[in-house]
Structures are given as structure tokens and as C-alpha cells.
Amino acid sequence: YDQHIDLETKIREQQQIAEKQNDQEIRLYANAKRKMAGLRKKREGELFQAFQNHQQAMVDHLATLVKEQVDDEDSRIAKAVAQRDAKRQAEEEDGKKKRAVMQKEILKHRLATMSLNDMKSDETKKDQSLDLQRRIAEDQTYFQEQEQRLASKKVEEDEVQSILVKQGDERSNKFQVEKHNEL
């Protein structure tokens, strides 16, 4: 009978040891599974962050390209406006020089005519002097009209320039709005 009780006690002890070992294995398995889940979650987070970083880098790169394109267009418009202004100013200077030379030649010619007329009679001289003054007044009127035409032409060109600058600004603003809407 004692042997039988010893045997049952040993069997219970072995069952308890086996249960403890099973419990230990289950705990180890659960811990391992938790660690694997944690590592998987960490890896997924790293992959997501890498994807986000790549996506942001692409957006930044595209934004840089767009800005460079807009800046390039703005500089081309500014360069074209500067060239047109320089050409207009050169034309104005050239026109002023030509008018000044023409006025000097006219005056020189008229003075020569006057000296010739001085040799003639006083009456003829008087008539020619009056005629010369009238012509000078007409020439001055003509040159004033020419200057007014040039000034109005310059005003028109300034209006065209402001329209071009406004169109460039509108294009740039439209492009900025489209870029902002894409983002």
C-alpha cells in the first residue's frame, strides 16, 4: 500500500513538473510571439517612415523644379522688357541727336540765307526776316508735335510693358495656385 501511495505521489509530482514545464513553454512562446509582434510593428513603422521620407523628397524635388521653371520664366520676361526698354531708349537718343543735327543745319542754312539777304535791300531783308521767323515758329511747332508724338508713343509702350508684366505676374500667380492645389 505504501508503495502504491509513493507511486501516486511520484506520478503527481511528475504531472506537476510536466504542467510547470508546459506553463513555462507557453509563457516562453507567448513572450516570443509578443516580441515578434513588436518587431513586426517596429519594422512596419520603419517602412512607413521610409516611404513618407521618400514621398516628401519627391514632393520637395518637384516643388524645386517648378520654382526654377517659374523663376526662369520671370527672368526671361524681365530680360525681354529690359531689352525692349534699352532699344526704345537708344531709338529716342538717336532721334534726339538727329533732330538736334537737323535743327542746327536748318538754323545754319537760315543764317546763311539771312546773310545773303542782308546784302540785298532793307525792304527785302525785312520781308525775309519776317518769313524766317514764321518758318522758325513753324519748325518749332513741328518739332514740338514730333516730341508729343514720341511722348505718346512712349506712354503706349509703357502701357504695353505694364500689361506684359501683369500677364507675367498672373501666370506666376496661376502657377503658384495650381501648385498649391496639387499639394
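This report looks at the salt bridges of a predicted model.

## About the model

Local features are reported at pLDDT of at least 70, side-chain atom pairs at pLDDT 80 or more, and totals for chains, interfaces and linings use all residues. Residues are numbered from 1 along each chain as its sequence is written, and side-chain values rest on heavy atoms, leaving out hydrogens and water.

## Salt bridges and a network

Let's start with the total: the structure holds 13 salt bridges, each being a side-chain nitrogen of Lys or Arg within 4 Å of a carboxyl oxygen of Asp or Glu. A network of these contacts links R84, D85, R88, E92, E157 and D158.

Within that group, D85 and R84 pair up at 3.9 Å, N to O. D85 is partly exposed at 22% relative accessibility, and R84 is also partly exposed, at 26% (buried is under 20% relative accessible area, exposed over 50%, partly exposed in between, with a 1.4 Å probe and protein chains only).

## Pairs along the helices

Two further pairs sit within helices (DSSP runs of H or I with at least four residues, numbered from the N terminus). In helix α1 (residues 2–119), D94 and K98 are 4 residues apart, so about one helical turn separates them. Their side chains meet in a salt bridge of 3.4 Å, N to O. D94 is partly exposed at 38%, while K98 is exposed at 55%.

Helix α2 (residues 122–182) holds D131 and R135, again 4 residues or about one turn apart. The closest N and O atoms of this salt bridge are 3.3 Å apart. Here D131 is partly exposed at 25% relative accessibility, and R135 is partly exposed at 39%.

Note on methods:
Helix = DSSP H or I, 4+ residues; strand = E, 2+ residues; numbered from the N terminus.
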